[in-house]
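Reader: Please take a close look at one part of this model, the packing of its helices, and describe it in a connected account.

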Amino acid sequence: MMYNDITFDKLPEAVAYLIEKIAEVKTLVENFTSKPTERRLPIGIDDACRIIQKAKPIIYALVRKGLIPSYKRGKKLFFYEEELLDWIKNGKKKTILDIKAEMEADLYSRTRRK
């Protein structure tokens, strides 16, 4: 139903139409919102050792130095698997080509043109 000219007499119909359309939009938005992801569960030191493939003393040393993402509750140490995998991914060594590209980008950004 399309209203081009709304008169005072047709106002209740127009409002009912708008309410109906707003309800449709609301249901579409509710259906469109992403489903809640499953909860991230913390893992213990043994699982962290398995993921990182290092011994417990090394992991404890990394935690003490603050180099690895960890959480401590009381005497228990917890990790999240996603954070450990991101930590491993971000620790990638740069190749000579990567270093060269960064240097060139830095040089070009500092060059002033007159």
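Author: The crossing of H2 and H4 is right-handed, a crossing being right-handed if the near helix is turned clockwise from the far one by less than a right angle, and left-handed if anticlockwise. This is a predicted model, in which local features need pLDDT of at least 70 and side-chain atom pairs count only at pLDDT 80 or more, while totals for chains, interfaces and linings use all residues. Residues are numbered from 1 along each chain as its sequence is written, and side-chain values use heavy atoms, with hydrogens and water left out.

Helices (H or I, at least four residues) and strands (E, at least two) are DSSP runs, numbered from the N terminus. H2 and H4 pack at an angle of about 30 degrees, and their axes are 11 Å apart; axes are lines fitted to C-alpha atoms, for helices over the stretch in contact, with angles from 0 to 180 degrees between N-to-C directions. H2 and H4 are therefore roughly parallel to each other (under 35 degrees; over 145 is roughly antiparallel, 65 to 115 roughly perpendicular and the rest oblique). Ala48, Ile51 and Ile52 of H2 make the contact with Glu81, Leu84, Leu85, Trp87 and Ile88 of H4, where contact means heavy atoms within 4.5 Å. By class, this contact of H2 with H4 has 7 nonpolar, no polar and 1 charged residues (nonpolar: Ala, Val, Leu, Ile, Met, Phe, Trp, Tyr, Cys and Pro; charged: Asp, Glu, Lys and Arg; polar: the others, Gly among them).

The axes of H2 and H3 come within 10 Å and cross at roughly 95 degrees, which makes H2 roughly perpendicular to H3. On H2 the contact is made by Ile45, Asp46, Ala48, Cys49 and Ile52, and on H3 by Lys56, Ile59 and Tyr60. These residues of the contact of H2 with H3 divide into 6 nonpolar, no polar and 2 charged. In the loop between H2 and H3 lies Ala55, which counts as partly exposed because its relative accessibility is 42% (buried is under 20% relative accessible area, exposed over 50%, partly exposed in between, with a 1.4 Å probe and protein chains only).

In H3 (residues 56-65), Ile59, Leu62 and Val63 are buried. Seen down the axis of H3, its buried residues fall within an arc of 100 degrees, so they line one face of the helix; the arc is that of the directions from the helix axis to the C-beta atoms. They pack against helix H2 (45-52), strand E2 (76-78) and helix H4 (81-90). The face of H3 turned away from its buried side carries the exposed residues Pro57, Arg64 and Lys65.
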